[in-house]
Amino acid sequence: MKRFDQEPWGNGSIRRLRLSAHSLLGLEESVTDRLGWSYPDLAHLLRRISSTPGEDATELFRRMVFNALVSNTDDHPRNHAVLGTDTRQWRLSPVFDLVPSNDRSLDDRSLAMTCGVTPGRERWANRLNLVSGAQHFDLGIEEADTLITRMKEIVVGRWEDHVRIHGGTAQDARNIAHAIAYPGFDLSAEWSIADVELEGAFDPEQVTVHIQGPGELFVLVLPIEARRVRIVSSTSDALAALPVPMNIARVRRMATFTISLRQAETYLRGRVLLAGDAAHCHSPVGGRGMNLGIDDAFAAARAVHSGDVATYSQKRHIIGAKVMKASEAARKMVTSNSRLVHLLTQGAMGAVQAVAPLRRLVMAKMSSF
Ligand SMILES: Cc1cc2nc3c(=O)[nH]c(=O)nc-3n(C[C@H](O)[C@H](O)[C@H](O)COP(=O)(O)OP(=O)(O)OC[C@H]3O[C@@H](n4cnc5c(N)ncnc54)[C@H](O)[C@@H]3O)c2cc1C
């Protein structure tokens, strides 16, 4: 092990001056004190005491992003430090104590310190939240987003090789695989839904998907009945996001929601069978949630009738995982920052809207029939 807080001195070594972020920021350990643990605060402090303030602030941002990407949720302020330099100044110390966590949640992880400014979710280990506080680290929003994309590519592409090169076994790699770039890392914050009744006619076969620009705004207008449509938007106000004016006679329901991405490890516990959202949750892109739940219920009834409940769990878990994967792929496509993906998605959506048999095929796939 290489110690960065000691250096050779004669036949032995001397300690270098080292201060933890915990001491620097004058922090305490109680539950309420923990609320004050913050990367932006540390970045501001570095700006005052570091010999290379901008560089250290950006490096701290990278470390914060890395911790989010590998689910290192033990990134408390004692695991950050500065070292004294020969010129009696301070520099951010080399990074240490990075441990991918065993968190099984697919969609939601929190760092130990505030890492963004998303209201109520300031510790959210998520791209949106990390980018939201970019200015505290001397970074612009776009610059921060590009940096995260690049870091994610590197982490996803190389983590396994690194584990193996440094002596980890294939089993070690499997054990931490779920910690790396967890599926919720790219989830957006608040989406919205509105069910409205329209005045006048609306083609009930018409499914309208609007993607305003790469990563900007996704709006789905889906007919439910002859004069009733559902609007789903990647913003918090579905009606304000409407890309074309609609003659709305009555708003039946409006709500905001956050996308979950969860699946129970087994759909069978004792005498209880899990089905529907209790077994799986994913984004509404693709409109498969309720349908998948109805399929589960049908399969569960058949399994109970035939006495074959064990295979119910196995089979439905595989089907659920497939639907979740497809739904996530679709969500990533419609909310992608890439201009190419954006163009391809719009082309595909245009084809679905224009070609009736293709439209019916997509609708049939969405409803499992
Ligand atoms: C915005 C949005 C849009 C969607 N769009 C679509 C779509 O277009 N197509 C599609 O197929 N799906 C869609 N879905 C998903 C769909 O709504 C859900 O998958 C479906 O409602 C799940 O049904 P469920 O019966 O499993 O769970 P739920 O509908 O959540 O029902 C569970 C019920 O149990 C009750 N409950 C909970 N705890 C207790 C308790 N302890 N005791 C007693 N009762 C309890 C709850 O109050 C609730 O009534 C969408 C979801 C969202 C959020």
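Reader: Which helix gives the most to the shell around the ligand?

Author: This is a predicted model, in which local features need pLDDT of at least 70, side-chain atom pairs count only at pLDDT 80 or more, and totals for chains, interfaces and linings use all residues. Residues are numbered from 1 along each chain as its sequence is written. A residue is near a molecule if its C-beta atom, placed from the backbone, lies within 6 Å of it. Helices are DSSP runs (H or I, at least four residues), numbered from the N terminus. Here helix α8 (residues 289-306) gives the most, with 4 residues. The residues surrounding the ligand include Ile 193, Phe 257, Asp 277 and Arg 288.

Reader: How is a pair of packed helices described?

Author: Two packed helices are described by the angle between their axes and the distance between the axes. Axes are lines fitted to C-alpha atoms, for helices over the stretch in contact, and angles run from 0 to 180 degrees between N-to-C directions. The axes of α8 and helix α9 (residues 309-334) come within 9 Å and cross at roughly 165°. Therefore α8 is roughly antiparallel to α9, a term for angles over 145 degrees.

Reader: Which residues of α8 and α9 meet?

Author: Contact requires C-beta atoms, placed from the backbone, within 7 Å. Among the residues that meet are Leu 292 and Ala 299 in α8, and Tyr 312 and Gly 320 in α9. The residues of this contact divide into 8 nonpolar (Ala, Val, Leu, Ile, Met, Phe, Trp, Tyr, Cys and Pro), 2 charged (Asp, Glu, Lys and Arg) and 1 polar (the others, Gly among them).

Definitions and conventions: Helices (H or I, at least four residues) and strands (E, at least two) are DSSP runs, numbered from the N terminus. Angles under 35 degrees count as roughly parallel, over 145 as roughly antiparallel, 65 to 115 as roughly perpendicular and the rest as oblique. Two residues are in contact if their C-beta atoms, placed from the backbone, lie within 7 Å.
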